[in-house]
Amino acid sequence: MAEQDKVILHGMWASPYAKRVELALNFKGIPYEYVEEDLRNKSELLLKYNPVHKKVPVLVHNGKAIAESMVILEYIDETWKDGPKLLPSDSYRRAQARFWSSFIQDQLMEASFLVVKTDGEAQQKAVEQVYEKLNVVEDGMKSYLAERNASTESNFGIVEIVFCALFGPYKAHEEVLGMKFIVPEKFPLLFSWLMAIVEVEAVKKATPPHEKTVGILQLFRQSALKSSAAA
Amino acid sequence: MAEVKLHGFWYSPFTLRVVWTLKLKGIPYQNIEEDRYNKSPQLLQLNPVHKKTPVLVHNEKPLCESMLIVEYIDEIWPHNSVLPADPYERALARFWVKYAEDEMFSAFVAFFRSNNDEEREKNVEKVWEVLTVVENQCFGDEKKIFGGDIINIVDIAFGSLFKFLEVAQDIVEAKVLEDEKFPHLHSWYNNFKDVPVVKENLPDHEKMVAFIRVIREKLLASS
C-alpha cells in the first residue's frame with residue numbers, strides 16, 4: 001500500500017471541513033501533497049474533482065477524487081488499515097461515533113458561525129443556541145467517552161476530529177469574540193476533552209499560527225457585520 | 001436469538017429505508033407504530049436527542065438516524081450487502097447519500113410545503129435543479145438500479161425520498177418528475193419500485209397521499 005500511493009488534499013487552511021481531513025491524514029501518518037485553494041478563484045482541478053459542490057476538501061487518491069469530509073474520513077479509515085483507527089471497530093460504537101459527528105456538524109457548525117457573524121442581541125441569541133446544543137453534546141459525551149474501551153478504540157477519532165476542527169481555534173475565538181464557546185464552568189467535560197485534543201501531535205501539526213487565525217476570523221466577522229449593516 | 005424492534009411511521013420515507021433493509025436481509029423484527037402527535041415514552045427515552053423515528057432497538061440498544069441504522073444493519077448482517085465492497089465505490093455511494101440527505105431532502109420538503117403559486121413555482125425550480133444534477137451525474141453505466149442486482153444505500157436513500165416526492169406532487173398538485181426531462185431518473189425509479197423487496201413494502205399510494213395531506217395541513221396551519 002505504501003510506496004505507490006499518491007494522496008493529494010485540496011483544501012483551504014481556515015476551512016474546518018478541510019481541517020478534518022488534514023487531522024485524519026496526520027493522525028494516520030499518511031504522506032500527502034497539499035493544494036491550497038483560493039475559494040474566490042477555484043482551480044480547474046477542484047472544479048473537475050467536485051463538479052457537484054465545487055468545494056473543499058477533496059481527497060485525490062491515485063487519481064480518484066472523493067468529496068465530502070465525513071465521506072473522506074471513512075474512506076481513509078477503510079483504505080489505510082494499519083495503525084490507529086478513526087472509527088471504532090465495534091458496530092454499535094461506530095454508529096454512536098457517526099451519530100455524534102453528525103450532530104456536531106448539523107447542530108453546531110452553522111450555529112457557531114452565526115455567533116461570529118453577528119453582534120448585539122442577535123449574537124446573544126446565537127450564543128444561547130450554541131450553548132443549548134453544547135449541553136446536549138456535554139451530556140452525550142458523558143456516556144460516549146466513558147464507554148470507550150481504551151484497548152480497542154483510539155482516543156482520537158471522527159468525533160474528536162469534527163469537534164476539534166470547529167472548536168480547536170478557541171484562543172482565536174476568545175480574542176476576536178471576547179468570549180468562549182466551551183465555557184469550562186458550563187461544559188466541564190467538553191472543556192477538558194478539548195484541552196486534551198489540542199495536545200495531540202496530529203492536531204498540533206495542523207494548527208496554523210495564532211495571529212493568522214485571528215486575522216481571518218476578524219476578516220470574516222467584519223465582512224459579515226458590514227454586509228448585514230448594509231442590507 | 002437477537003431481538004430487533006423498529007419504532008417508526010408507516011408513511012415515513014425514513015422508516016421505509018429501515019424496513020427495506022431489514023426485509024432484504026430477512027431479519028425478523030417487531031414493528032412498533034408510533035403516533036407523531038403522541039410519541040411513546042419509550043421512543044422519547046430511546047431517542048432523547050432528536051425524539052424522532054425511526055429508532056432501531058437491537059439487543060436493547062437504540063440506534064437513530066435512518067442511514068446510520070441502515071449501515072449498522074449491514075455491518076451486523078452482512079449478507080445481501082447494501083454497501084459496495086470497494087472503498088472508493090463506497091465513498092461515491094456515501095457521497096450521494098449525503099446529497100440526498102442535504103440537497104434533495106431540503107428541495108423536496110420546500111416543494112411539499114409550498115403554500116401558494118409563487119412559492120410552488122420557485123420550489124419546483126429548486127427540485128428540478130437537484131434532479132438535473134442527479135440525472136447528469138449519477139447515470140453512467142447500464143445498471144438498472146444503483147446497486148446492480150440488489151438495492152444499495154443510494155437506491156434506498158433516493159428511492160425513499162422519491163416516493164415522498166411522488167406523494168407531494170399529488171398533494172401540491174404540481175408535476176415535477178417529468179419523464180422527458182429526467183429519462184434516466186424516470187427509468188431508475190420505475191426499476192426501483194419493481195424490486196420485490198420495495199414493491200412488497202411500499203404503502204398504498206392513495207393512503208399515503210391522504211394521510212400526509214393531513215399532516216401538511218396541520219404543519220402549514222401551525223407555521
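How many residues of chain A are in contact with how many residues of chain B? The count is 25 residues of chain A and 24 of chain B, where contact means heavy atoms within 4.5 Å.

A note before the views. This is a predicted model, in which local features need pLDDT of at least 70 and side-chain atom pairs count only at pLDDT 80 or more, while totals for chains, interfaces and linings use all residues. Residues are numbered from 1 along each chain as its sequence is written, chains are lettered from A and ligands numbered from 1 in the order in which they are written, and side-chain values use heavy atoms, with hydrogens and water left out.

**View 1. Chain A against chain B.** The size of an interface is often given as the accessible area lost when the parts come together. Here the buried area is about 2200 Å², counted as the accessible area (1.4 Å probe) that two parts lose on being put together, summed over both. Carbon and sulfur atoms give 69% of that. Look for A:Val52, A:Tyr92 and A:Phe99: they supply 27% of the area that chain A buries against chain B, more than any other three residues.

**View 2. Helices H4 and H5 of chain A.** Helices (H or I, at least four residues) and strands (E, at least two) are DSSP runs, numbered from the N terminus. H4 covers residues 91-117 and H5 residues 120-146; their axes come within 9 Å and cross at roughly 165 degrees. Axes here are lines fitted to C-alpha atoms, for helices over the stretch in contact, and angles run from 0 to 180 degrees between N-to-C directions. That makes H4(A) roughly antiparallel to H5(A); angles under 35 degrees count as roughly parallel, over 145 as roughly antiparallel, 65 to 115 as roughly perpendicular and the rest as oblique. The crossing is left-handed, meaning that the near helix is turned anticlockwise from the far one by less than a right angle (clockwise would be right-handed). Among the residues that meet are A:Trp100 and A:Phe103 in H4(A), and A:Val130 and A:Leu134 in H5(A). The contact residues divide into 16 nonpolar, 5 polar and 2 charged. In this sorting, Ala, Val, Leu, Ile, Met, Phe, Trp, Tyr, Cys and Pro count as nonpolar, Asp, Glu, Lys and Arg as charged, and the others, Gly among them, as polar.

**View 3. Helices H3 and H6 of chain B.** H3 (residues 66-76) and H6 (residues 153-172) of chain B pack at an angle of about 150 degrees, with their axes 11 Å apart. H3(B) and H6(B) are therefore roughly antiparallel to each other, and their crossing is right-handed. B:Met67, B:Val70 and B:Glu71 of H3(B) make the contact with B:Ile153, B:Ile156 and B:Ala157 of H6(B). That set holds 5 nonpolar residues, no polar ones and 1 charged.

View 4. In chain A, a cis peptide bond joins A:Val56 and A:Pro57, with omega about 0 degrees. A:Pro57 sits in the loop between helix H2 (44-49) and strand E3 (58-61) of chain A. In chain B, the bond from B:Thr53 to B:Pro54 is cis, with omega near -5 degrees. B:Pro54 lies in the loop between helix H2 (41-46) and strand E3 (55-58) of chain B. Also in view is B:Glu60, in the loop between E3 and strand E4 (61-64) of chain B. B:Glu60 is not a glycine, yet has a positive phi of about 70 degrees.
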